[in-house]
Amino acid sequence: QVQLVESGGGSVQAGGSLRLSCAISGHTWNRNYMAWFRQAPGKEREGVAIIYTGTGGTFYADSVKGRFTISRDNANTLYLQMNSLKPEDTAMYYCAAGLNIRWTFAPGEYTNWGQGTQVTVSS
């Protein structure tokens, strides 16, 4: 019943920036977890960043800490600001939502997923 739609992906050179957006419908900002994941070909899906809507608290994977920022607004939109992009950031990026969970990067704990948006970083 919750719809998530990502946008903002594209192709950039190393060192560039992108901002991803996730539009949320059929959803209310209660006390749930929202997260960004990414998956490159041949690799497992990995967590990138989490925000808890109850407090606004955030958590980041070590690989993106200091470069990426997760945020939300009052218009039912989740964002991922990506700076200083590296070729290893190339992946399909997904937004996800989870209810009745705790802080986790385990994909199976998230119940609602977007279709993904492609990010390609060239050197």
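Excluding neighbours within four places in sequence, Y93 is in contact (heavy atoms within 4.5 Å) with E6, L20, F37, R38, V48, F68, L80, M82, G116, T117 and V119. The structure is a predicted model, in which local features require pLDDT of at least 70 and side-chain atom pairs pLDDT 80 or more, whereas totals for chains, interfaces and linings use all residues. Residues are numbered from 1 along each chain as its sequence is written, and side-chain values rest on heavy atoms, with hydrogens and water left out.

Y93 is also one of the residues with the most contacts inside the largest nonpolar core, together with W36, L78, L80 and M82. This core comprises 28 residues; a nonpolar core is a set of buried Ala, Val, Leu, Ile, Met, Phe, Trp, Tyr and Cys residues joined through side-chain atoms within 4.5 Å, buried denoting under 20% relative accessible area (1.4 Å probe, protein chains only). At least two core residues come from each of β3, β4 (33-39), β5 (46-52), β7 (68-72), β8 (77-82), β9 and β11 (117-122), strands being DSSP runs (E, at least two residues) numbered from the N terminus. Another core, of eight residues, lies apart from it and includes Y33, A35, I50 and Y110.

One disulfide (a pair of cysteine sulfur atoms within 2.5 Å) is found in a search of the whole structure. It is formed by C22 and C95, with the sulfur atoms 2.1 Å apart. The pair links distant parts of the chain, 73 residues apart: C22 belongs to strand β3 (residues 18-25) and C95 to strand β9 (residues 91-98). Because the torsion about the S-S bond is about 60°, the disulfide is right-handed. C22 is buried, at 0% relative accessible area, and C95 is likewise buried, at 0%.

Methods. Helices (H or I, at least four residues) and strands (E, at least two) are DSSP runs, numbered from the N terminus. Buried means under 20% relative accessible area, exposed over 50%, partly exposed in between (1.4 Å probe, protein chains only).
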